[in-house]
Amino acid sequence: MVSNAIVREVSTDKNTGLVNGAYFVDRHSRRERHVKARAVVLAAGCLESTRLLLNSGIANSSGVLGRYLHDQIYGVSVVSSVPEARDGKRPRG
């Protein structure tokens, strides 16, 4: 794990086509670096995962990557007002 890193692209092995690391920018020094790994877990959000896969040129053989997106939004509440139920009164029936 590398803290304060912004991943730009997932790298792949030219011979096998398998993912082998990631290119990232250090947030403080703004230097670009590369890290190799035996296993890479892409656990970004909906838009960031799509951006990384498109930047890397992988996982888009069907051409639909980035077209049907759905993101999870946490901490949102829904408030409703039912005029008939104000002051703790419930309509009959």
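Predicted model: local features only at pLDDT ≥ 70, side-chain atom pairs only at ≥ 80, totals over all residues.

Colleague: Ile6 first, then. Which residue stands opposite Ile6?

Modeller: Val25, in strand β2, stands opposite Ile6.

Colleague: And what about Ala5?

Modeller: Ala5 stands opposite Asp26, which is in β2.

Colleague: How many bridges join β1 to β2?

Modeller: Seven bridges join the two strands, which run antiparallel, with β2 covering residues 19–26.

Colleague: In what order do the strands of the sheet come?

Modeller: The order is β1-β2-β3, in an open sheet of three strands with antiparallel pairing. The edge strands are β1 (5–12) and β3 (32–36), each of which pairs on one side only. On average, neighbouring strands in this sheet are turned by 25 degrees against each other, direction ignored.

Colleague: How do side chains point along a regular strand?

Modeller: In a regular strand they alternate between the two faces of the sheet.

Colleague: Let us turn to the hairpin of β1 and β2. How many residues lie between the strands?

Modeller: There are six residues between the strands of that hairpin, and Gly17 takes a positive phi near 80 degrees there.

Colleague: Which residues other than glycine have a positive phi?

Modeller: Arg30 is one of them, with phi near 65 degrees. Ala59 is another, and its phi is also near 65 degrees.

Colleague: Where are they found?

Modeller: Arg30 is in the loop between β2 and β3, whereas Ala59 lies in the segment after α1.

Colleague: Is Arg30 buried or exposed?

Modeller: Arg30 has a relative accessible area of 67%, and the cut-off for exposed is over 50%, so Arg30 counts as exposed.

Colleague: And Ala59, buried or exposed?

Modeller: Ala59 is exposed, because its relative accessible area is 57%.

Colleague: What about Gly45: where is it found?

Modeller: Gly45 is in the loop between β3 and α1. At 41% relative accessibility, Gly45 counts as partly exposed.

Colleague: How far apart are Gly45 and Arg30 in space?

Modeller: They are 23 Å apart in space, C-alpha to C-alpha, and 15 residues apart in sequence.

Colleague: Back to β1 for a moment. Is Ser11 buried or exposed?

Modeller: Ser11, which lies in strand β1, has a relative accessibility of 5% and therefore counts as buried.

Colleague: With which side chain does the Ser11 side chain make a polar contact?

Modeller: The contact is with the side chain of His34, at 2.9 Å.

Colleague: A change of topic: how much space lies in the largest pocket?

Modeller: The largest pocket holds about 560 Å³ of space.

Colleague: Which residues lie nearest its centre?

Modeller: Val2, Val7, Ala22, Val35 and Val41 lie nearest the centre, out of 21 residues that line the largest pocket.

Colleague: Which elements give two or more residues to that lining?

Modeller: Those elements are β1, β2, β3 and α1 (46–56). The largest share, four residues, comes from β1.

Colleague: How do the lining residues divide into nonpolar, polar and charged?

Modeller: In the lining of the largest pocket, 17 residues are nonpolar, one is polar and three are charged.

Conventions: Residues numbered from 1 in each chain as written. Heavy atoms only, no water. Pairing = 2+ DSSP bridges. Axes fitted to C-alpha atoms, helices over the stretch in contact; angles between N-to-C directions. 1 Å grid on protein atoms, 1.4 Å probe; cavity = no way out; pocket = protein on both sides within 12 Å on 5 of 7 lines; lining within 4 Å. Points joined across faces, edges and corners; volume = space filled by probe spheres on them. Nonpolar A, V, L, I, M, F, W, Y, C, P; charged D, E, K, R; others polar. Buried < 20%, exposed > 50% of the residue type's maximum accessible area, 1.4 Å probe, protein only. Polar contact = N/O pair within 3.5 Å; in protein donor to acceptor, adjacent residues only side chain to side chain.
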